[in-house]
Amino acid sequence: TGWHLSRGKKSPDLGEYDPLTQADSDESEDDLVLNLQQKNGGVKNGKSPLGEAPEPDSDAEVAGAGKPRLSEVTPEGYPLEPLGALEQKAASSIVSYVRTSVFLLMLVVSMVLVLVCAFLIPCPPRDLHSTWSRHLGPQGGGDLSPLDLADVNGDGLRDVLLSFVPSGNGSASGVSRPPAVLVCLSGMNGSTLWSSPLPEEARDITCLDLTPGDMAKTVCLVTGTHKMLSAFNGTSGKAMWTLNPNYLSNGTLAAPAVVLPDVDEDGVRDLAVLAFGDLQQDLCFLLVSGRTGSPVGRPVKYNIVGVGNLIGPQVYITASGATYILFGFGNIQAVALRDIFIQAQNRDNLPPSLQIEEPEWEKQRSVNLSELIDVYSDGVELLQMVKAPDSNSSNLLITTRQGLVLLRGQNLTPSWVLGLQGPHSQPTPGYFTDDETIDFLLQIPNGVGMKKVMVVDGDSGLVTWSYSIPCHMKETPATSAATVEQKSVFLFWAEGLSAASPNPDVVLGTGPPSLHHLYLLHPTFPSILLDLANATGTVTASEVGINDLWKDAFYVTRTTGPSSEGHPAPLVVSKLSLRWALMEGQMVQLEETTPKIGRGELRRFLSRIKFVDSPYQVTSLGKKVSGYS
């Protein structure tokens with residue numbers, strides 16, 4: 001192709017210059033420019049005024065002046081445009097105006113909608129950094145520390161329910177105080193949502209939904225130390241019903257109420273309470289309607305032979321759907337719920353939920369066909385139910401004076417036995433190993449001011465992790481929280497730990513004995529503990545709740561502060577966000593590892609942890625399973 005230059009033409013073979021051809025080219029180009037300038041209003045260059053006559057500045061312009069023009073020029077110098085062009089311009093201006101107006105209107109409407117949504121639609125509460133502490137004043141005594149978590153105000157965060165005995169029996173104004181009070185604190189900031197007086201000290205608080213499918217109505221069952229059994233509306237704090245103590249005759253409630261299937265067929269789950277008779281071995285069961293609090297039939301008495309702590313009662317539902325109640329004194333016996341119902345109602349007509357039997361359990365009945373089934377009878381201290389792997393039933397974890405025993409729930413045969421010397425705490429379930437079987441954390445006294453923390457493999461019964469730490473606090477509660485990776489973090493209290501000791505079984509404490517630290521153990525880093533928080537006084541109860549929206553867990557403690565002479569100990573309730581505490585916690589290296597674990601690597605791992613509801617928190621119709629002594 002050839003090159004096009006601004007002045008003249010040159011052939012591809014670079015021939016000679018032709019002046020005639022160049023003149024024609026210049027004249028054509030200048031003539032086209034002139035015509036376009038005249039059409040646009042007669043402006044020839046940037047310096048000529050509008051309408052001024054053109055002055056020829058070249059021969060090409062003079063030569064081109066006589067050629068016909070594309071448009072004519074008026075004497076005033078303005079171009080004479082056709083009428084159609086004016087109408088087209090006006091229509092174009094209207095269209096442009098309409099488009100601009102529509103765009104601005106849509107922009108304004110969008111902004112208004114955004115503002116309305118921002119004000120009317122509440123944002124979910126962000127609880128990642130929700131850490132608070134609430135002082136409830138001096139506590140007037142009482143050895144029990146009931147504590148439970150439930151979302152009672154519908155904000156998506158579980159609130160804190162507890163009961164305590166206020167200090168003193170009267171006030172300066174002469175108004176008598178109630179013997180005890182039930183308090184509900186907001187899970188968001190610790191403020192009081194409601195409080196209700198109680199006629200006696202509470203033994204247990206359990207919040208659940210008694211009506212299947214109705215998740216909007218949370219009921220809080222409160223069991224007292226003597227004769228009180230009441231159901232409170234979790235939202236308002238008002239009593240829904242209270243069991244008439246006359247139905248207990250001269251008896252006293254022996255343990256918290258347990259939740260049963262719907263035995264009176266009114267659409268609401270029912271309850272069973274166990275009461276002492278004139279003698280401690282004389283026990284009677286009373287079925288109570290979950291809707292009205294009225295008895296479902298008459299009391300059913302049993303005479304139990306045994307020595308030791310009262311075990312249960314606890315409800316056990318087999319894989320086939322048969323319902324049994326476990327209880328005993330230093331031993332474990334079972335009675336079928338259908339047998340209690342038949343005697344309470346004095347009739348053989350059973351509801352469908354009670355017509356099922358478990359053949360393997362029925363084989364355990366005594367030779368004389370007694371109504372009681374012997375489950376275990378060797379110095380029982382505690383009873384827990386843990387989810388069986390690959391099954392919809394539960395196994396029985398029995399804590400004895402000699403150690404731990406895991407019974408298979410299907411046929412009541414031992415799975416493993418672990419021998420332990422001395423007393424130890426209630427095992428805390430969680431996932432520590434990789435076999436997806438529930439493991440257990442134990443705390444055992446190990447000398448003066450020391451305790452040994454160990455993890456027992458739930459599949460084999462072997463100890464997979466242990467460490468001795470200083471702790472002067474008695475019976476410190478331990479708990480766990482599950483993660484999405486089907487692992488668990490274990491939380492327990494001890495005194496301040498120093499750096500790694502050459503002897504892994506002996507670690508000296510740092511700091512005063514009255515200051516206790518909350519430590520976290522993650523199975524991925526068994527050689528490291530995280531120091532999350534510290535507290536003075538005595539931690540009497542703790543619970544872990546889950547924030548489902550943010551995949552966070554929060555740790556709630558009930559602490560009795562140190563008391564001075566003449567002044568009762570203050571009661572403090574605290575809440576700690578675990579994901580926030582993981583980032584702020586201090587790393588304690590228990591032993592050297594190869595390769596060495598860096599702080600940055602640990603922080604990156606901890607930042608990815610997400611918590612979920614515990615799959616191993618075995619429940620029986622909404623009530624958490626635990627042993628009472």
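**Sheets, a cavity and backbone exceptions in a predicted chain**

Good morning. I begin with a strand pair: β23 and β24 run antiparallel and are joined by three bridges. Within that pair, Pro 429 stands opposite Phe 440 in β24. What I am presenting is a predicted model, in which local features need pLDDT of at least 70 and side-chain atom pairs count only at pLDDT 80 or more, while totals for chains, interfaces and linings use all residues. Residues are numbered from 1 along each chain as its sequence is written, and side-chain values use heavy atoms, with hydrogens and water left out.

Helices (H or I, at least four residues) and strands (E, at least two) are DSSP runs, numbered from the N terminus. Two strands pair if DSSP finds at least two bridges between them. Buried stands for under 20% relative accessible area, exposed for over 50%, and partly exposed for values in between, with a 1.4 Å probe and protein chains only.

On the overall picture, the protein chain holds seven helices and 38 strands. Of its 629 residues, 46% are buried. Contact here means heavy atoms within 4.5 Å; among contacts between residues at least 6 apart in sequence, 53% join residues at least 24 apart.

Let me return to the opening strands. They belong to an open sheet of four strands, in the order β23-β24-β25-β26, with antiparallel pairing. At its edges are β23 (428-430) and β26 (463-470), each of which pairs on one side only. Neighbouring strands of this sheet are turned by 20° against each other on average, direction ignored; such axes are lines fitted to C-alpha atoms, for helices over the stretch in contact, and the angles run from 0 to 180 degrees between N-to-C directions.

On to the next pair: β25 (residues 450-456) and β26 are antiparallel over seven bridges, with Pro 470 in β26 as the bridge partner of Met 450.

A second open sheet of four strands has the order β1-β34-β33-β32, and its pairing is also antiparallel. Its edges are β1 (132-138) and β32 (538-547); each has a single partner strand, so one side of each is left without a neighbour in the sheet. Strands β33 (residues 552-560) and β34 (residues 570-577) pair over seven bridges, and Arg 558 has Val 573 in β34 as its bridge partner.

A cavity is defined on a 1 Å grid over the protein atoms alone, as a set of points where a 1.4 Å probe fits but cannot get out; lining residues have an atom within 4 Å of a point. Grid points are joined across faces, edges and corners, and a volume is the space filled by probe spheres set on the points. By this rule there are two cavities of 30 Å³ or more.

The second largest cavity contains about 50 Å³ of space. Which element gives the most to its lining? That element is β31, with three residues. The lining includes Phe 525, Leu 602 and Leu 606. It divides into eight nonpolar residues, one polar and no charged, where Ala, Val, Leu, Ile, Met, Phe, Trp, Tyr, Cys and Pro count as nonpolar, Asp, Glu, Lys and Arg as charged, and the others, Gly among them, as polar.

Finally, the backbone. Most residues other than glycine have a negative phi, and most peptide bonds are trans. Asn 346 has a positive phi near 55°; this residue lies in the loop between α4 and α5 and, at 60% relative accessibility, counts as exposed. Leu 412 has a positive phi near 60° and sits in the loop between β21 (403-407) and β22 (414-419), but Leu 412 is buried, with a relative accessible area of 10%. A cis peptide bond joins Gly 312 and Pro 313, with omega about 0°, and Pro 313 is found in strand β15 (residues 310-317). Thank you.

How values were computed:
1 Å grid on protein atoms, 1.4 Å probe; cavity = no way out; pocket = protein on both sides within 12 Å on 5 of 7 lines; lining within 4 Å.
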